[in-house]
Amino acid sequence: QVQLVESGGGLVQAGGSLRLSCAASGDTFSSYIMGWFRQAPGKPRQLVAAISRSGGRTYYEDSVKGRFTISRDNAKPTVYLQMNSLKPEDTAVYYCAATQGLVLRGAYDYWGQGTQVTVSS
């Protein structure tokens with residue numbers, strides 16, 4: 001079992017940048033596919049980005065392609081989400097998640113507590 005703790009959220013103006021971090025503990029981090037989800041008020045939770053165990057494969061939701069970058073450091077062990085050119089519609093609670101499944105867009109089993117990202121216009 002893995003425990004996840006996110007950090008790095010906050011308030012930023014449109015066009016700005018933030019980097020979210022998710023520190024893992026409790027199990028072998030490199031055995032997990034990692035994902036970042038977000039949930040805006042009144043909307044379902046949405047997978048924003050995911051990364052394979054080695055970091056060699058990634059997935060991005062269409063609205064963040066070219067603006068967000070997911071990466072991981074298995075030695076730390078931490079997964080990151082670099083968010084550039086932020087828009088007000090990126091405002092949400094962002095969650096880090098982990099799965100030992102086979103695909104990036106499958107079900108995730110372990111979740112962090114979430115970190116708020118607010119983008120002002």
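Begin by selecting V93 together with Q116, because a bridge to strand 11 is made here: Q116 is the partner of V93 in that strand, where strands (E, at least two residues) and helices (H or I, at least four residues) are DSSP runs, numbered from the N terminus. Before going further, note that this is a predicted model, in which local features need pLDDT of at least 70 and side-chain atom pairs count only at pLDDT 80 or more, while totals for chains, interfaces and linings use all residues. Residues are numbered from 1 along each chain as its sequence is written, and side-chain values use heavy atoms, with hydrogens and water left out.

**Strand 11 and its partners**

Now extend the selection to strand 9 (residues 92–99) and strand 11 (residues 115–120), which run antiparallel and are joined by 3 bridges; two strands are said to pair if DSSP finds at least two bridges between them.

Keep strand 11 selected and colour its two faces separately: T115, V117 and V119 form the covered face, whereas Q116, T118 and S120 form the uncovered one.

Move on to strand 8, and select residues 78–83.

Which strands pair with strand 8? Strand 3 (residues 18–25) pairs with strand 8 in the antiparallel sense over 6 bridges, and you can find R19 standing opposite Q82 there. Strand 7 (residues 68–73) also pairs with strand 8 in the antiparallel sense, over 6 bridges, and in this pairing D73 has T78 as its bridge partner.

Select the 4 residues through which a hairpin joins strand 7 to strand 8. P77 lies in this loop between strand 7 and strand 8, and the peptide bond that leads from K76 to P77 is cis, with omega near -25 degrees.

Then go to the loop between strand 8 and strand 9, where you will find S85. This residue has a positive phi of about 50 degrees although it is not a glycine, and S85 counts as partly exposed because its relative accessibility is 41%.

**The whole chain**

How many helices and strands does the protein chain have? There are 0 helices and 11 strands. The C-alpha atoms fill a box of roughly 40 × 25 × 25 Å, taken along the principal axes, and 45% of the 121 residues count as buried.

With 121 residues, a compact globule would have a radius of gyration near 14 Å, and the 13 Å of the protein chain agrees with this; the radius is taken over C-alpha atoms, and the globule rule is 2.2 Å times the number of residues to the power 0.38. Among contacts (heavy atoms within 4.5 Å) between residues at least 6 apart in sequence, 57% join residues at least 24 apart.

How values were computed
Buried means under 20% relative accessible area, exposed over 50%, partly exposed in between (1.4 Å probe, protein chains only).
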